[in-house]
Amino acid sequence: MTYVILDLEWNGARCEQLGGYFNEIIEIGAVRLSGDRRIAERFDAYIRPVVSRKLTRLVTNLTGITDEQVQHGVPFTQAMAELAAFAGEDAVVMTWSNTDLMVLIENCRYHLKSDTIPFMRGYMDLQYYTQKRMKWGTAQQVSLGNAAERLQLDSADMELHHAIDDSVLSAAIFRRVYEPFSFRKAVSPVNDEFYRRLSFKPYFIREIDDPMIRRSDLRFACERCKRNLKRTGEWQFHHRYFSAPFFCSHCHREYWGRVQAKRKFDSVELKKRLLVKTTEKANETEEIK
Ligand SMILES: [Zn+2]
């Protein structure tokens, strides 16, 4: 087993073939770690872009990479073959947020007609791991530079947004935050389910009789007497939620019940809301489950 930290730079290019934007990789930087998590070897390759030969000004400003540099680069297929040799047969790959991984897969799909990364046996999102370990919370993503600063690592002599330097800095962060037990738990085995999970896009369920919605999810209790409300009309789907009229035969109150069901890979995130139907001022109660 080898441990490889990857960082990529890419250029946003309009792609006729894909009918949209494509993040074309122009640089791959990587470090392979030794058993004590020090850097054993470095990998750096510029890639000659084919979708758009011209780099956007944004990319050049951010990365310092020029059109000329990438014109002297290697084709993506060659860079990937070299990276595979560098990584070995069974590598645990780490990236700072899984965006780099998504972009790498997107490029493999385009250039190699493959949805998978052959040498990757395990994967860990180092950004997520670091934020969990340091108890920084995971609601907001912390940038690599910011994380280095918070961990008081010296990044002054490194150029941020240069793939090889970013992977070196990521390795320094990894060394600082590594803890064997949590690390073992945080590494996902790379199999079919891993790729399915990665490409799954959450969406709002639109059909009220979707099997992922339980009947009990569609019940509401009167906010006054706590008795079950009676639904007095059909469920209707609006932009992102269902709503139906409800009535309490005890209190003679009318309500609107709202249910929002967001489908995740292996769960449903449910939000419920009960609104009192009134001509007077809106009297709302909220119930988030
Ligand atoms: Zn009631």
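**Exercise 1. Classify His252 in this predicted model: is it buried, partly exposed or exposed?**

Solution. 
Step 1. Count the neighbours. His252 has 7 C-beta neighbours inside 10 Å.
Step 2. Conclude. His252 therefore counts as exposed.
Step 3. His252 sits in the loop between strand 10 (242–248) and strand 11.
Step 4. Check the backbone. His252 is not a glycine, yet its phi is positive, about 55°. Most residues other than glycine have a negative phi.

The model is a predicted one.

**Exercise 2. Find where Ser97 lies, and decide how exposed Ser97 counts as being.**

Solution. 
Step 1. Locate Ser97. The loop between strand 4 (91–95) and helix 4 (99–112) holds this residue.
Step 2. Ser97 has a positive value of about 75°, although Ser97 is not a glycine.
Step 3. Count again. There are 16 C-beta neighbours inside 10 Å of Ser97.
Step 4. Compare with the cut-offs. Buried needs 20 or more, exposed needs 12 or fewer, and partly exposed falls in between. Ser97 therefore counts as partly exposed.

**Exercise 3. Which residues does Lys264 touch, leaving out those up to four places away in sequence?**

Solution. 
Step 1. Locate Lys264. It is found in the loop between strand 11 (253–263) and strand 12 (268–276).
Step 2. List the contacts. Lys264 touches Pro202 and Glu269.
Step 3. Lys264 and Pro202 are 62 residues apart in sequence. In space, their C-alpha atoms are 4.9 Å apart.
Step 4. Classify. Lys264 counts as partly exposed because it has 13 C-beta neighbours inside 10 Å.

**Exercise 4. Describe how helix 5 and helix 7 pack.**

Solution. 
Step 1. Two packed helices are described by the angle between their axes and the distance between the axes.
Step 2. Read them. Helix 5 (residues 126–133) and helix 7 pack at about 35°, with axes 10 Å apart.
Step 3. Helix 5 passes helix 7 in a left-handed crossing.
Step 4. Name the residues. Helix 5 supplies Leu126, Tyr129, Thr130 and Arg133. Helix 7 supplies Ser170, Ile173, Phe174 and Val177.
Step 5. Sort by class. The contact has five nonpolar, two polar and one charged residues.

**Exercise 5. Is Ser170 buried or exposed?**

Solution. 
Step 1. Count. Ser170 has 25 other C-beta atoms within 10 Å, so it is buried.
Step 2. List contacts beyond four places in sequence. Ser170 is in contact with Ile5, Asp7, Trp96, Leu126 and Leu144.
Step 3. Ser170 and Gly145 are 25 residues apart along the chain, and 9.4 Å separate their C-alpha atoms.

**Exercise 6. How many residues are in the largest nonpolar core?**

Solution. 
Step 1. Give the count. This core has 47 residues.
Step 2. Name those with the most contacts inside it. They are Val4, Ile5, Ile28, Ile47, Val93 and Leu126.
Step 3. Find the main contributor. Helix 7 (residues 163–177) gives the largest share, seven residues.
Step 4. Follow one member. Beyond four places in sequence, Ile28 is in contact with Leu8, Ala45, Ile47, Ala79, Leu83 and Ala163.
Step 5. Look for another core. A second, separate core of five residues includes Phe220, Leu229, Phe246 and Cys248.

Definitions and conventions:
Residues numbered from 1 in each chain as written. Predicted model: local features only at pLDDT ≥ 70, side-chain atom pairs only at ≥ 80, totals over all residues. Core = buried A, V, L, I, M, F, W, Y, C linked by C-beta atoms within 7 Å. Helix = DSSP H or I, 4+ residues; strand = E, 2+ residues; numbered from the N terminus. Contact = placed C-beta atoms within 7 Å. Axes fitted to C-alpha atoms, helices over the stretch in contact; angles between N-to-C directions. Left-handed = near helix turned anticlockwise from the far one by under 90°. Nonpolar A, V, L, I, M, F, W, Y, C, P; charged D, E, K, R; others polar.
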